[in-house]
Structures are given as structure tokens and as C-alpha cells.
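Please find below a note for a colleague who is new to this structure.

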Amino acid sequence: MFEWTEGGSVVYLLGSFSEKPWIERHAMERVDENSRVVFRCTLELPIGIHSYKFIVDGQWRYAIDQPTLSDPDGNINNVIAVRMATENRTCQRMQSSNQA
């Protein structure tokens, strides 16, 4: 499960794991927990190391509370290592012409 905890009104997840890497958007669900807002998205990812980022209110962002890695162009992305099958996809897919 992916989480964004740094605010915003509309949050999407993008990454190297999508059929159209860095183009296909996954809408994140807003959840109000106690006095904080969390956006969540569960995806089924293939085994491997994947980079990802968030679009928050139209701005590309990475989560400071999750592991990061710089790509060859100097962009900072979040990173996740998948060692076994994960839960089913529960995010909505959307298309974007934006690139990371």
C-alpha cells in the first residue's frame, strides 16, 4: 500500500511499475484519520525495485518519510523493493502526458 501524508486535495501515484511508466496515473483515495488526512493506494506490483512519485495538486512530489533514490538525471524519486506478490490493484488508472 502506498501512502501520502503531506497534505493536498488531489493526489495521484505514478511510477516505473505501470504499463505506461511515469504516464499512467493512479488516483489515491483520501482517508480522514483522527486529525490528519492520508491518501492511500494499493497496487499489485511485479517483483523488483520500482521508483515512484506523487502528483499533489498538480505538482510532482516525493514523500520525505519514504525511501528515496536519485535517478541518472538527478531527480529524487521514492523507491520500493518488492520481493513477493502483493495485494490487488485498488486504484483508478488515469492517463497523463506529463513526464517525470
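**Notes on the predicted model**

1. E24 is buried, with a relative accessibility of 2%; buried stands for under 20% relative accessible area, exposed for over 50% and partly exposed for values in between, with a 1.4 Å probe and protein chains only. E24 is placed in the loop between β2 and β3 (25-27). From there, the E24 side chain reaches the backbone nitrogen of E19 at 3.2 Å. Such a polar contact is a pair of N or O atoms within 3.5 Å; within protein, one must be able to donate a hydrogen and the other to accept it, and residues adjacent in sequence count only if both atoms are side-chain atoms.

2. On the basis of the note: this is a predicted model, in which local features need pLDDT of at least 70 and side-chain atom pairs count only at pLDDT 80 or more, while totals for chains, interfaces and linings use all residues. Residues are numbered from 1 along each chain as its sequence is written, and side-chain values use heavy atoms, with hydrogens and water left out.

3. Three strands form an open sheet in the order β1-β5-β4, with antiparallel pairing. Its edge strands, β1 (2-4) and β4 (29-33), each pair on one side only. On average, neighbouring strands of this sheet are turned by 35° against each other, direction ignored. Strands here are DSSP runs (E, at least two residues), numbered from the N terminus, and two of them pair if DSSP finds at least two bridges between them. The axes behind the angle are lines fitted to C-alpha atoms, and angles run from 0 to 180 degrees between N-to-C directions.

4. The pairings can be followed residue by residue. β1 is joined to the antiparallel strand β5 (residues 36-41) by three bridges, and F2 stands opposite C41 in β5. Five bridges hold the antiparallel pairing of β4 and β5, where R30 has F39 of β5 as its bridge partner. The hairpin of β4 and β5 has two residues between the strands, and N34 takes a positive phi near 55° in this hairpin.

5. How many salt bridges does a search of the whole structure find? The search finds five, a salt bridge being a side-chain nitrogen of Lys or Arg within 4 Å of a carboxyl oxygen of Asp or Glu. One of them joins R40 to E3, with the closest N and O atoms 2.5 Å apart. R40 lies in strand β5 and E3 in strand β1, so this pair ties together parts that are 37 residues apart in sequence. E3 is partly exposed, at a relative accessible area of 26%.

6. E33 and R36 also meet through their side chains in a salt bridge (3.3 Å, N to O). E33 is partly exposed at 24% relative accessibility, as is R36 with a relative accessible area of 41%. A network of salt bridges links E3, E33, R36 and R40.

7. A further salt bridge is formed by the side chains of E6 and R61 (3.5 Å, N to O). E6 lies in the loop between β1 and β2 (11-15) and R61 in strand β7 (residues 59-61), so the pair ties together parts that are 55 residues apart in sequence. E6 counts as partly exposed at 25% relative accessibility, and R61 is partly exposed with a relative accessible area of 30%.

8. I64 is exposed, with a relative accessible area of 67%, and has its place in the loop between β7 and β8 (68-70).

How values were computed
Helices (H or I, at least four residues) and strands (E, at least two) are DSSP runs, numbered from the N terminus.
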